[in-house]
Each structure stands twice: as C-alpha cells, then as structure tokens.
Amino acid sequence: MTALSLLGLLPPNGAVTGGHAWLDGRDLATLTEKQYEGVRGTEIGLVSQEPMVALDPLFTIGSQLSEVVRRIGAVPRREVRSTVITLLESVKLPEPAMLMRKYPHELSGGMIQRVAIAMALAGSPKLLLADEPTTALDVTVQAGILDLLRELRDSRGMTVILVTHDLGVVAEICDAAIVMSQGKIVDSGSIDHIFYDSEHPYTRTLIASTPSLEESAA
C-alpha cells in the first residue's frame with residue numbers, strides 16, 4: 001500500500017492522510033489524479049508482484065510493449081519496433097524479434113517478469129517500484145532477476161524501491177532498508193545498521209527468524 005500510494009494507486013477505501021514523499025522537489029502526496037498521469041511510467045515505473053498481472057493473455061508481447069512505448073515513451077511510430085527490441089535486449093531476453101510474436105502463456109515465469117521490467121522501463125523512469133518481484137519465481141530465476149535489477153539500477157542511475165519479506169534479498173541488493181510492522185515504520189537505516197546495530201525488537205526478531213546455513217548444518 002505504501003508503494004502504491006506513491007503512484008496514487010490506492011484502492012477506493014484507501015487514502016493518504018499524512019506524511020510526504022518527495023521526488024525531484026515535488027511532494028507526491030499532494031498530486032492530483034491529472035498530475036499523477038504525468039508521473040506514472042515516465043518518472044516512476046512499477047513491477048508488480050505477479051508478472052502475469054502486468055500482461056494481457058490475449059495480445060502478443062510485442063503488441064503490448066509497443067502500446068506502452070507509444071503511450072509513454074514519446075517514440076516516433078517508425079521507431080517503436082526497434083525501441084521494443086532494445087528494451088527486451090536490456091533485460092537480457094534472447095531473440096527479441098521472435099519473442100515479440102509470442103503470447104504471455106508461451107513464456108516462463110522468469111521471462112514474463114523480465115518483460116514486465118522492460119515495460120516498466122519504457123518511459124525511462126527515475127524511480128522503479130519493484131513489489132516483491134521474485135516471490136513467484138524459483139531460487140535460480142530469482143537470482144537472475146536480482147542481478148538484472150542491480151545492473152539496471154547502476155547503468156541507468158535509477159533508484160529502486162524493493163518491497164520484500166526476504167531479508168536475504170535485502171542484504172544482497174539494497175543500500176538501505178525500512179522495516180515496517182502493521183503498516184508503520186519501526187526501523188530504518190543502512191544495511192549494516194539493520195543487520196548488525198539495530199536494537200529494535202521487531203527488527204531483531206525478523207533477523208533471528210531467518211534460516212541460517214550454519215545453524216542448518218549444525
């Protein structure tokens with residue numbers, strides 16, 4: 001909910017009642033619906049928890065990406081196809097021209113998630129919201145997606161806000177973390193602080209509940 005509020009995508013029974021979220025000098029919490037239209041996709045991209053939710057099963061990968069590129073990418077019609085191919089290449093998908101002709105059900109979960117990431121990058125956002133992007137994937141595929149997010153962050157100079165319950169993922173990819181309990185921030189700071197210096201009981205309980213390879217071996 002907190003991440004979706006940055007895009008003005010709360011459900012009808014949800015509302016921002018306080019606080020601020022600043023992006024390039026603008027307080028996102030104060031934007032109107034019309035102003036949010038200029039933020040979604042172009043300044044902030046979203047990768048959802050379930051990759052299939054981002055794609056329509058009735059249309060090919062190419063047609064769906066092309067629609068997004070035309071709508072938010074400000075790309076001339078004659079350059080749409082080449083832009084889509086470049087996006088698919090940027091997320092390390094092989095044979096992008098062939099992939100464009102496929103339907104979502106013909107791709108694996110990891111490939112679908114990469115397509116969803118490509119879609120989120122179409123407007124060259126400054127901030128990428130990744131809502132548990134590895135939850136539905138097996139461990140090997142998860143590692144590939146995390147490596148991709150890290151590479152895209154560094155190469156594009158883009159900020160990534162990662163929503164996850166997996167502390168291993170936090171330790172691997174994040175520079176700083178916010179710990180929330182019952183919808184409220186209870187702890188925050190650098191990764192070193194969260195894992196080694198935090199004295200907050202909830203944070204310490206989370207860390208203690210994470211399986212350890214050393215303990216398993218013992």
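**Figure 1. Nonpolar surface patch formed by Ile-178, Met-180 and Ile-185 in the predicted model.** The three side chains make a patch of about 300 Å². Met-180 belongs to strand S6, which covers residues 176–181. Because its relative accessibility is 34%, Met-180 is classed as partly exposed.

**Figure 2. Helix H6, residues 109–120.** The 12 residues of H6 reach 17 Å from the first C-alpha to the last, close to the 16 Å expected at 1.5 Å a residue. The helix is mostly covered, with 10 of its 12 residues buried. Those buried residues are Gly-110, Ile-112, Gln-113, Arg-114, Val-115, Ala-116, Ile-117, Ala-118, Met-119 and Ala-120.

**Figure 3. Packing partners of helix H6.**

**Figure 4. The protein chain as the setting for the close-up views.** The chain has 11 helices and 7 strands. Its radius of gyration is 19 Å, close to the 17 Å that the globule rule gives for 218 residues, so the chain is as compact as a globular protein of that length. The C-alpha trace spans about 55 × 45 × 30 Å along its principal axes. Of the 218 residues, 39% count as buried. Among contacts with a separation of 6 or more, 59% join residues 24 or more positions apart. The chain exposes about 12700 Å², of which carbon and sulfur atoms supply 54%.

Notes. Residues are numbered from 1 along each chain as its sequence is written. This is a predicted model: local features need pLDDT of at least 70, side-chain atom pairs count only at pLDDT 80 or more; totals for chains, interfaces and linings use all residues. Side-chain values use heavy atoms; hydrogens and water are left out. Helices (H or I, at least four residues) and strands (E, at least two) are DSSP runs, numbered from the N terminus. The expected span of a helix is 1.5 Å times one less than its number of residues. Buried means under 20% relative accessible area, exposed over 50%, partly exposed in between (1.4 Å probe, protein chains only). Contact means heavy atoms within 4.5 Å. Patches are made of residues with over 30% relative accessible area and no salt bridge: like charges are joined within 9 Å, nonpolar side chains (Val, Leu, Ile, Met, Phe, Trp, Tyr) within 5 Å. Accessible areas come from the Shrake-Rupley method with a 1.4 Å probe; for residues, only the protein chains shown count as cover. A salt bridge is a side-chain nitrogen of Lys or Arg within 4 Å of a carboxyl oxygen of Asp or Glu. The radius of gyration is taken over C-alpha atoms; the globule rule is 2.2 Å times the number of residues to the power 0.38.
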